[in-house]
Amino acid sequence: MEKFTVLNGLVAPLDRANVDTDAIIPKQFLKSIKRSGYGPNLFDAWRFLDPGVPGMDPAKRALNPSFVLNQPRFQGAQILLARKNFGCGSSREHAPWALQEYGFRCIVAPSFGDIFHNNCFKNGLLPVVLSETEVDGLFHDCALPGFRLLVDLDRQTVSTADGSKSFHFEVDASRRYSLLNGLDEIGLTLRRADQIRAFEARRREQFPWLFR
């Protein structure tokens, strides 16, 4: 998992509340347990004018010109600014996979769906919770072309590029440690690989019949 330390990223505003996981990555694209291949179909029903079907070439589909991510000024955005209850709905890990593959490293919103929030941390995507008032102000600032934010996970701050605004957010210490070090649950376990091997060796000596 890629480390998350400090991100200086372009911000794309998605001014919709209660965005569910089926909107983030529609169900018809959930054909694999691999973590890749979902980015091209992120927000598929909103990004494209035609119905999305697995196997279609996104380059040959008609884009919805009014959708925010299709606007040239937001190409390459790494921070998604959203409204309350982002990621609600069904518990699909594919949602953070799609957001991450599309290029987002951080989602800023007043609140998140619980399971989506947990899945983000497990996959190296940082969900930042700010107050509705703070998020409202950032949406207003997004009217400026090229609006960027500096997200510092170690300090737990979100700041404007010019330093005129800075907001504090909270992340559980264990989750912060994992993101800062690029460790998912498997990575955390493997840090104790020597102890695990030693335990298994002792167990083999104590209960040899289990290994026959």
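This is a predicted model: local features need pLDDT of at least 70, side-chain atom pairs count only at pLDDT 80 or more; totals for chains, interfaces and linings use all residues.
**Ring pairs**

Start with the aromatic side chains; the structure holds 8 aromatic pairs. Select Phe-86 and Phe-112 and look at the two rings. Their centres are 6.4 Å apart and their planes stand at 90°, so this pair is edge-to-face. Phe-86 is in the loop between β2 (79-81) and α3 (94-102), while Phe-112 is in the loop between β3 (106-109) and α4 (114-122), so the pair ties together parts 26 residues apart in sequence.

Next, select Tyr-102 and Phe-104. This aromatic pair is stacked, with 5.7 Å from centre to centre and 20° between the planes. Which of the two is buried and which partly exposed? Tyr-102 is partly exposed at 28% relative accessibility, whereas Phe-104 is buried at 0%.

Then select Phe-43, Trp-46 and Phe-67, which ring pairs link into a cluster. The charged end of Arg-16 sits over the ring of Trp-46, 4.0 Å from the ring centre. For another such arrangement, go to Arg-83 and Phe-139: here the charged end of the arginine sits over the phenylalanine ring, 3.9 Å from its centre.

**Helices α3 and α4**

Hide the side chains and colour α3 and α4. Two packed helices are described by the angle between their axes and by the distance between those axes. For α3 and α4 the angle is about 50° and the axes are 8 Å apart. The two helices are therefore oblique to each other, and α3 passes α4 in a right-handed crossing.

Bring the side chains back where the helices meet. From α3, select Ala-95, Pro-96 and Leu-99; from α4, select Phe-116, Asn-119 and Cys-120, which they meet.

Stay on α4 and select its buried residues: Phe-116, His-117, Asn-119, Cys-120 and Phe-121. What do the buried residues of α4 pack against? They pack against α1 (21-24), α3, β4 (126-129) and α6 (173-181).

Now centre on Asn-119, a residue of helix α4. Asn-119 is buried, with a relative accessible area of 9%. Leaving aside neighbours within four places in sequence, Asn-119 is in contact with Arg-92, Glu-93 and Pro-96.

Follow the chain past the end of α4 to Gly-124, which has a positive phi near 80°. A glycine also follows α6: Gly-182, with a positive phi near 65°. Within α6, select Ser-178, Leu-179 and Leu-180, the buried residues of that helix.

**Residues in loops**

Return to the loop between β2 and α3 and select Cys-88, which is found there. At 15% relative accessibility, Cys-88 counts as buried. Show what surrounds this cysteine. Apart from neighbours within four places in sequence, Cys-88 is in contact with Asn-18, Val-19, Asp-20, Thr-21 and Gly-113.

One of the contacts of Cys-88 is Asn-18, the next stop. Asn-18 is in the loop between β1 (6-13) and α1 and is partly exposed, with a relative accessible area of 42%. Check the backbone angles here. Most residues other than glycine have a negative phi. Asn-18 has a positive phi of about 60° although it is not a glycine.

Asn-85 is the next selection, and its phi is also positive, near 60°. Asn-85 is in the loop between β2 and α3, where it is partly exposed at a relative accessible area of 27%.

Finish at Asn-70, in the loop between α2 (44-47) and β2. Is Asn-70 buried or exposed? With a relative accessible area of 18%, Asn-70 is buried, since the cut-off for buried is under 20%. Not counting residues up to four places away in sequence, Asn-70 touches Arg-47, Leu-63, Asn-64 and Gln-75.

Conventions: Residues are numbered from 1 along each chain as its sequence is written. Side-chain values use heavy atoms; hydrogens and water are left out. Rings of Phe, Tyr and Trp (its six-membered ring) pair if their centres lie within 6.5 Å; planes under 30 degrees apart count as stacked, over 60 as edge-to-face and the rest as tilted. Helices (H or I, at least four residues) and strands (E, at least two) are DSSP runs, numbered from the N terminus. Buried means under 20% relative accessible area, exposed over 50%, partly exposed in between (1.4 Å probe, protein chains only). A charge sits over a ring if NZ of Lys or CZ of Arg is within 6 Å of the ring centre and within 35 degrees of the ring normal. Axes are lines fitted to C-alpha atoms, for helices over the stretch in contact, and angles run from 0 to 180 degrees between N-to-C directions. Angles under 35 degrees count as roughly parallel, over 145 as roughly antiparallel, 65 to 115 as roughly perpendicular and the rest as oblique. A crossing is left-handed if the near helix is turned anticlockwise from the far one by less than a right angle, and right-handed if clockwise. Contact means heavy atoms within 4.5 Å.
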